[in-house]
There are 2 protein chains.
Amino acid sequence: MIRKTRLFTPGPTPLLPAAQFAMAAADIHHRTAEFRALYTKVLSDLKTFVGTKNDVILLASSGTGAMEAAVSNLTSPGDRVLVLTAGKFGERWVSLAKAFGCDVDVVSAPYGQTFDLEEVRKALRIETRAVFMQATETSTGVRHCVQGVADVLKQSGKDAALVVDAITGLGTTHIDMDGWGVDVLIGGSQKAVMIPPGLSYLAVSNRAWELMEISLNPRYYFDLRKERKSAAKGESAYTPAVALIAALGAALDYIAAQADGDLAAGRAKLVENAETCAAMTRAAVEALELKLFAPEAPSAAATAVLPPAGMDSGVFVKELKNRFAAVITNGQGEMKGQIFRIAHLGFFDYMDTIALVGALEQVAYALKLPGFAFGKALVAAQNVFASRAADEAARNHCSCGRPVGHYALTSASLPAR
Amino acid sequence: MIRKTRLFTPGPTPLLPAAQFAMAAADIHHRTAEFRALYTKVLSDLKTFVGTKNDVILLASSGTGAMEAAVSNLTSPGDRVLVLTAGKFGERWVSLAKAFGCDVDVVSAPYGQTFDLEEVRKALRIETRAVFMQATETSTGVRHCVQGVADVLKQSGKDAALVVDAITGLGTTHIDMDGWGVDVLIGGSQKAVMIPPGLSYLAVSNRAWELMEISLNPRYYFDLRKERKSAAKGESAYTPAVALIAALGAALDYIAAQADGDLAAGRAKLVENAETCAAMTRAAVEALELKLFAPEAPSAAATAVLPPAGMDSGVFVKELKNRFAAVITNGQGEMKGQIFRIAHLGFFDYMDTIALVGALEQVAYALKLPGFAFGKALVAAQNVFASRAADEAARNHCSCGRPVGHYALTSASLPAR
């Protein structure tokens, strides 16, 4: 049978055709008026997409490069920083901060959970220079409460800057950088913006720009002040990834077009889209009598699923790949074999999601999962979609207790119809 | 919600990415060694794909151009021909034959059915120059029995040439041109070979080449003998559609790669693929309590479905388009509003098919179809896929009574497991 390769991975994600075409056509030099016009527009659109009045800096690097830039630009050796971690990407903050000589305090939560805000409050010190966290922890499928952490910082009266890796959070969860008081917000290209890897971006608050003036850590390629000066002239400090920037421009145009040209509204629709795909998937997985790895605070970027007891999660990865060319991901590091992850961020639609659920049923059937019957997972996903389609106003509350424009987080909490 | 446009139309069909890339890169002149190598390989591969030792002629035209070429090259004004028709494309043979001055006998069957072989036998005259038919009638979703007609011709002892429009038949139904004695077999590019419209091709038997020598109808652009002479030198008589030919080459490579490089086996796999998608769709439609328009001899190229009594079939076309960007087709001509059609020919896989069934359920739910419940159609499709996947040897018989390597034609006739 024909099998079309389809990525259901939390980066890279499926490519937007309009972005692919823009990338293929991007035969321009980066020190020309043509490029400056493109770059200026993309940086301006990125601000709207991020939802901030702050300047946005674009880098030719992976997301980890932007994470390093946040550490190296904001800290000095010997600075005290706090990392909130509950997975592989939280641990990356610890490694980065240590690599740049910081003294690192850590608030952690078990994999599959989010951390306790009260612990965050207690861990803050008067000398804490910066707090580093993820908006969504891609390795476990958890959504952290950025707004809750921002509030803890405000209420503490202490001076720490808040740095948020929103690489898989942007476009999958509501974030109000300026309203909440986030100082650095980080995104990546191969995520909800539907283009290949190779670009990262950082929105930087005025306070963070000021911090950079006293930071003593060495940086050159990732010197954000240098990039900001070049950006003001419509250029990048070093050779930019021109084709990817053209692709990003096309993708942002597409996202805006989803809401009649309103990019901010387009971002909100993108979040809703991921929430719908995620809610369909969670309902399907539970109908298969599989357990969600992060049932309390699930991210809409990716859903992490526990295999049946005694089964290696790689079996699902392999079967979906071999039989349907559907590419999902295993757990990372020591989570390998423990969970499998299905992505929803970016260019996914109903058809992708219901097809993946169908394929998952075929795999469950072949594996003879206990209690399996064809249709259980599909019907669960169908009901979620029908409910959400019929009542797009159905909302829920964030784990911090406030309505933040999130959709219902679990199928069980969907409104009765 | 994001909606990716997906064609479920019986031409154009979804494009193969490798063919798209080949098309985009096809920046070559057509009177060069580079083109001659490409053209010679594509013509040779087309012979294997068609499954014939006969020469294959490639034209820069739609399928109708190749149909005209068959008429204008094989007949003279005043010739008696027989057309077997049960739909719009059968009627096109009548129009073409009349346009070129033939005296046309017609054996017809009602839309949604195939013609009676006994009637064909009776309608053959000693002077019948040629018999024209479809392998599959795309306008009604019917598969005709080419082998049965070929046998009637052989047994008649009469001399008529058999011309088969297999534009949607190639790659969706088993055809043995040389074994059965078909004289002209016609294909098109925007069908099972997964590339855009713009090319047609004809496989031509020795008897048909001989007939051309005595045919008096005027032809110039579609003069097949001229094309054959040019093809022997690796060129086309007139400017070829270079990019489409490059795309076709890539598509034939892909089809071969599905069977470890064996293009003939790849074609058989393509037929099986269409049969699986069609069987899933038929089972789903029947589970929705909708009626198949061609239940007796369904084509695997496309499935034609009757809407509930009193409902315009356009409602399904519109809902699938508006809500899911899934493009299916309405009935043609006076069949508009009477049926809708879902295609399976070419680059469709399990994921496409199950997703379309899911979307069809969502439409049925919104339309409040009587007896509807989520999962009925999906479970029917899932069971068909699981049965066929588990037992790829499950076969059935053609409507002519012989085993021809077809898969089971209806879900009801699937072997019990």
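This is a predicted model: local features need pLDDT of at least 70, side-chain atom pairs count only at pLDDT 80 or more; totals for chains, interfaces and linings use all residues.
View 1. The partner shown here is R6(A), which forms a salt bridge with D352(B), with 2.7 Å between the closest N and O atoms. Since R6(A) belongs to strand β1 of chain A while D352(B) belongs to helix α13 of chain B, this pair joins two chains.

**View 2. Arg6 of chain A and the salt bridges around it.** R6(A) has a relative accessibility of 14% and therefore counts as buried. A salt bridge also links R6(A) to D349(B), where the closest N and O atoms are 2.6 Å apart; R6(A) is in strand β1 (residues 6–7) of chain A and D349(B) is in the loop between β15 (340–343) and α13 (350–366) of chain B, so this pair, too, joins two chains. Both R6(A) and D349(B) are buried. A network of salt bridges links K4(A), R6(A), D349(B) and D352(B).

**View 3. The interface between chain A and chain B.** Here 42 residues of chain A are in contact with 42 residues of chain B, and the area buried between the two chains is about 3400 Å², of which 64% is given by carbon and sulfur atoms. On the side of chain A, the residues that lose the most area to chain B are M1(A), I2(A) and M351(A), which together make up 24% of what that side buries. Between the chains there are 6 salt bridges, and 22 residue pairs are in polar contact across the interface. Helices α11 (263–287), α12 (314–324), α13 (350–366) and α14 (376–390) of chain A each give two or more residues to the side that touches chain B, and α13(A) provides the largest share, 11 residues. That side of chain A divides into 25 nonpolar, 9 polar and 8 charged residues.

**View 4. A salt bridge within chain A.** D79(A) and R129(A) form a salt bridge in which the closest N and O atoms are 3.2 Å apart. Because D79(A) sits in the loop between α3 (63–74) and β3 (80–85) and R129(A) in strand β5 (residues 128–134), the pair ties together parts of chain A that are 50 residues apart in sequence. D79(A) is buried, with a relative accessible area of 12%.

View 5. Within α8 (residues 206–214) of chain A, the residues A208(A), W209(A), L211(A) and M212(A) are buried. Seen down the axis of α8(A), these buried residues fall within an arc of 155 degrees, so they line one face of the helix. The face turned away from the buried side of α8(A) carries the exposed residues N206(A), E210(A) and E213(A).

Note on methods. Residues are numbered from 1 along each chain as its sequence is written. Chains are lettered from A and ligands numbered from 1 in the order in which they are written. Side-chain values use heavy atoms; hydrogens and water are left out. Contact means heavy atoms within 4.5 Å. Buried area is the accessible area (1.4 Å probe) that two parts lose on being put together, summed over both. A salt bridge is a side-chain nitrogen of Lys or Arg within 4 Å of a carboxyl oxygen of Asp or Glu. A polar contact is a pair of N or O atoms within 3.5 Å; within protein, one must be able to donate a hydrogen and the other to accept it, and residues adjacent in sequence count only if both atoms are side-chain atoms. Helices (H or I, at least four residues) and strands (E, at least two) are DSSP runs, numbered from the N terminus. Ala, Val, Leu, Ile, Met, Phe, Trp, Tyr, Cys and Pro count as nonpolar, Asp, Glu, Lys and Arg as charged, and the others, Gly among them, as polar. Buried means under 20% relative accessible area, exposed over 50%, partly exposed in between (1.4 Å probe, protein chains only). The arc is that of the directions from the helix axis to the C-beta atoms.
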